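Below is a brief report on one model. It runs from the whole chain to single residue pairs.

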Amino acid sequence: MAKREALISNPESEEDEAIKKAYDNFKKLLSGENLKKSICRIKGIDESILNGYEDIEILKAIRDEVLSTQVVLITTKDRQDANMIFEILNGKGVHLASVDLIKNKLFEALPVDSAADKAEELWGKAKAELTGRSNCAGFGTFYRHYWLSKYKRVKFDDLYQSFIDIGPKGKDESLAFLKELVDEAHLYSVIMNPQKSDFGNRKEYYPLIEYMQHLDEWFGVTQARIATLALLSAKKRNLIGAKDLLSCMQMMELFHFAYNSVCHMQSNKFEPGYSKFAIKLRKQTDKSGVKDTLKGLQETLHGWLPDETSFVSGFCELTYSKKRGINSNKIMTTKYVINKIAAVKQGHDTFLDDLSVEHLIPESSSCDARLSVGNLIALEGSINKDVGNAELPEKMLKYRESKYVWMKEFLSTYEDFDNGSVRKRAEKLGKYMYNEIVCPVFV
């Protein structure tokens, strides 16, 4: 029972999502409030006709209809016959997902021998790669991002036709395609759940892990996976070094922070832009071509970057609260700001392990600007616990124990800090973030 409820609340895979959707639809359809309306709408009759019936009678009638349902089961030992039946059913109007049709078409090209068994194994491995870590990816979402990253940008409903037009042909190509699908599914899983072991526990790649986490989890920019997939593929082919890979991912991270999370600008240009970049990158066969392609992406994103005025305006609207129920997206963006500035001032490539977000003027105060980004700073967690909700003059004495460069700068700049100081400091931090952290990655 507990497991069933958990799956209903938090589906773990694409199949679970589909089951949950069906469950929710039936629950809504069969609710006392909607039941009669739904029947009348489906049957095309007036609601007054059902007014004379009790709900229990209507439910019994529905039960009888369900129990009288006939299921037709078609079985065959011949794989090619099965594929043909599958194709015919689809042609008769039975809705099938694009990835199911693609799988069917792939397997059509394989004779009934060990190659077919290998194909089943590879398809299963690809699906297993996507569900083997904490954040599971739906196979359909992965497949479309992969297709956009290597072949062509198409809508989800056009994936099958695109596969027919330009996909693999024959036994050898189909098996090669499936092998690559397994590799790409692994890279996609890495993008969604990066771990140090994915990069040999090499310290130089630690920032890369953060960049991917911020893009996917903190900023929710799923379109970036299209580009990242191509970048990781280039790395696997030894066409891009650690320095260029990290520089490109940092640029994407900071761009989306500014464009999406701070300025909330339209994102419909990213999918075609990233698809074009990824396809071009995958076609490169030497490091020189890769560098030129990366330069093209840098120029494109730089052209889309918000100007300083727009950025600072959006930045000053950022807030942070430790209480629940506050807009989580805005909280994550503000948390990113504090962590990023602290890391840069400390000379670190990754966020500081012991950092906590500190409200200078206590969050419990009545100050209007207490939640503003201008009222925030980074502080060691151990010191933060000691200062608690004390008033600022008392806290500033404790702040002197901090080893953070940013805190030392604050103490040397402000003797008095009040509500009027918060807005000015927010603008100052916004300009610093834009000119000293965001813009330099585009130079």
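## Overall picture

How many of the residues of the protein chain count as buried? Of its 443 residues, 44% do; buried means under 20% relative accessible area, exposed over 50%, and partly exposed in between (1.4 Å probe, protein chains only). The model is predicted: local features need pLDDT of at least 70, side-chain atom pairs count only at pLDDT 80 or more, and totals for chains, interfaces and linings use all residues. Residues are numbered from 1 along each chain as its sequence is written, and side-chain values use heavy atoms, with hydrogens and water left out.

The protein chain holds 21 helices and two strands. These are DSSP runs, numbered from the N terminus (helices: H or I, at least four residues; strands: E, at least two). The accessible surface of the chain is about 24100 Å², computed by the Shrake-Rupley method with a 1.4 Å probe. Carbon and sulfur atoms contribute 50% of that surface.

## Contacts across the sequence

Residues 24 or more positions apart account for 67% of them.

Gly381 gives a local example. It lies in helix α18 (residues 381-387). Leaving out residues up to four places away in sequence, Gly381 touches Asp354 and Ser356. Gly381 counts as partly exposed because its relative accessibility is 22%.

## Salt bridges

Side chains of opposite charge can pair when their charged atoms come close. The whole structure has 18 salt bridges, each a side-chain nitrogen of Lys or Arg within 4 Å of a carboxyl oxygen of Asp or Glu.

Which helices does the bridge between Glu253 and Lys340 involve? The two side chains meet at 3.2 Å, N to O. Glu253 lies in helix α13 (residues 242-262) and Lys340 in helix α17 (residues 328-346), so the pair ties together parts that are 87 residues apart in sequence. Both ends are buried: Glu253 has a relative accessible area of 0%, and Lys340 one of 7%.

## Pairs within a helix and a network

Glu108 bridges to Lys105, with the closest N and O atoms 3.2 Å apart. Both lie in helix α6 (residues 98-108), three residues apart, about one turn of the helix. Glu108 is partly exposed at 30%, and Lys105 at 24%.

Glu401 pairs with Lys398 at 3.0 Å. Glu401 is partly exposed at 41%, as is Lys398 at 25%. Elsewhere, shared partners join Lys118, Glu121 and Lys125 into one salt-bridge network.

Terms used:
Contact means heavy atoms within 4.5 Å.
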